[in-house]
Amino acid sequence: PSSRSRLGSEIRTLNQNPKRAPHAAMASRTLSFSSLASAFAPFPACSRPRHPPLRLLGLHLSSGHLLRASTLSTAAAPAPDADADADPYEGVDTVEHLLAPKPTSPVGVRMGRLMKMQRRADADGPAAGRGRWFPYLDAFRGAGGVEVTSQEVVDVLEPYILEPRRDRIRRAVQSRSYAVCLVVEGLTDFGNVSAAFRSADALGVQSVHVISCEDNKRYRDNRHVSMGAEKWLDIELWSSPAECFDALKKRGYRIACTSLGSDSVSVYDMDWSHPTAIVVGNETMGISDVALKLSDMHCSVPMKGMVDSFNVSVAAGILMHHAVYDRVSRLGQNGDLTPEENRILLAEFYLRHRESTATVIHEYAKRKANNLVAKL
């Protein structure tokens with residue numbers, strides 16, 4: 001109330017004494033965003049404007065008096081996609097929600113909650129003559145079991161996504177690769193997991209695996225550490241190293257565990273053009289003996305200081321960065337998806353754009369089914 005009174009006093013002073021306008025204007029500049037936020041906060045939820053006045057400044061007034069930038073665009077959207085008003089975390093499962101065991105879901109179940117397109121079976125990997133691993137089929141199962149192709153998904157959803165957002169998604173997809181994936185084993189701090197996810201997304205590493213070895217974890221909301229990166233990654237949860245490594249080997253990966261043993265190979269001497277799963281371990285105990293035994297090779301990052309280890313999220317970032325750098329130097333680029341795979345992953349990202357996009361495709365599937373029935 002005091003903030004509103006102070007703001008009202010400034011306005012009355014300006015109206016009553018026009019000559020004091022410059023001073024009033026200067027005084028108004030001293031009003032902080034926090035005072036403006038507190039001025040709006042006391043309004044009851046039922047009477048509060050749907051879009052706070054600060055929205056006009058390109059700022060979004062959220063709970064807790066936090067201000068965050070809001071996307072502004074003058075482009076006209078042909079469909080009701082309110083990107084300018086969208087919460088960047090709308091519909092995004094936090095790292096805690098993604099990795100915490102659910103009462104109805106065993107720890108070992110794979111986390112397919114973010115994956116929309118139909119997935120390929122592990123057995124349908126390089127051993128089946130595909131050459132290399134790509135997880136998605138060119139099909140989305142819509143309402144009534146009607147399959148929708150990736151091209152249909154892209155064509156239907158593009159009008160619902162603003163052009164700058166579409167361009168950013170396309171650039172991200174073009175830089176993605178499944179040739180290198182990250183495996184984190186038994187981490188107890190979701191802050192480290194979140195930081196590793198963020199690095200994976202930034203470097204174009206699409207596939208991330210979490211081996212959960214402990215039931216008692218420090219559950220915390222770290223979405224602001226990962227910056228929502230988990231929304232765009234393929235995240236799979238496993239109950240043991242054996243289960244995870246068996247699936248990855250079927251997909252054609254060699255398993256490289258980080259270790260300081262005498263048999264460790266420097267990451268700088270490895271050929272990262274070969275599909276490789278990078279495994280990092282627990283913050284205090286490192287990688288388990290079981291994982292070390294089941295892996296194909298051990299690797300390490302040479303260190304020159306007095307400390308003989310990196311923070312686990314830092315180590316993961318360094319390893320992925322060097323892997324991408326090595327691939328670019330050998331192959332000319334990190335992104336290696338075929339045109340078909342690129343289109344399928346683009347459809348996957350469009351479906352993850354917002355929760356409502358999947359609803360749009362389900363409605364399209366219903367219309368497609370009705371058209372097929374009408375033709376029959």
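This is a predicted model: local features need pLDDT of at least 70, side-chain atom pairs count only at pLDDT 80 or more; totals for chains, interfaces and linings use all residues.
Residues are numbered from 1 along each chain as its sequence is written, and side-chain values use heavy atoms, without hydrogens and water. Local features need pLDDT of at least 70 and side-chain atom pairs count only at pLDDT 80 or more, while totals for chains, interfaces and linings use all residues.

Helices (DSSP runs of H or I, at least four residues) and strands (runs of E, at least two) are numbered from the N terminus. The expected span of a helix is 1.5 Å times one less than its number of residues. Helix α11 comprises the 20 residues 312-331 and should therefore span 28 Å, in agreement with the 28 Å between its end C-alpha atoms. Its buried residues (under 20% relative accessible area with a 1.4 Å probe, protein chains only; over 50% is exposed, and in between is partly exposed) include Val312, Leu319, Met320, His322, Asp326 and Arg327. Among the elements that cover these buried residues are β5 (180-185), α7 (190-203), β8 (254-258) and β10 (276-280). Gly332 follows α11 and has a positive phi, near 95 degrees.

Helix α7 has 14 residues and reaches 20 Å from its first C-alpha to its last, close to the expected 20 Å. Phe190, Asn192, Val193 and Phe197 are among its buried residues. Gly204, with a positive phi near 85 degrees, follows α7.

In strand β7 (residues 234-238), 5 of 5 residues are buried. Asp234, Glu236 and Trp238 point one way from β7, and Ile235 and Leu237 point the other way. Strand β6 (residues 207-211) pairs with β7 in the parallel sense over 5 bridges; pairing requires at least two DSSP bridges between two strands. Ile211 stands opposite Trp238 of β7.

Note on methods: Contact means heavy atoms within 4.5 Å.
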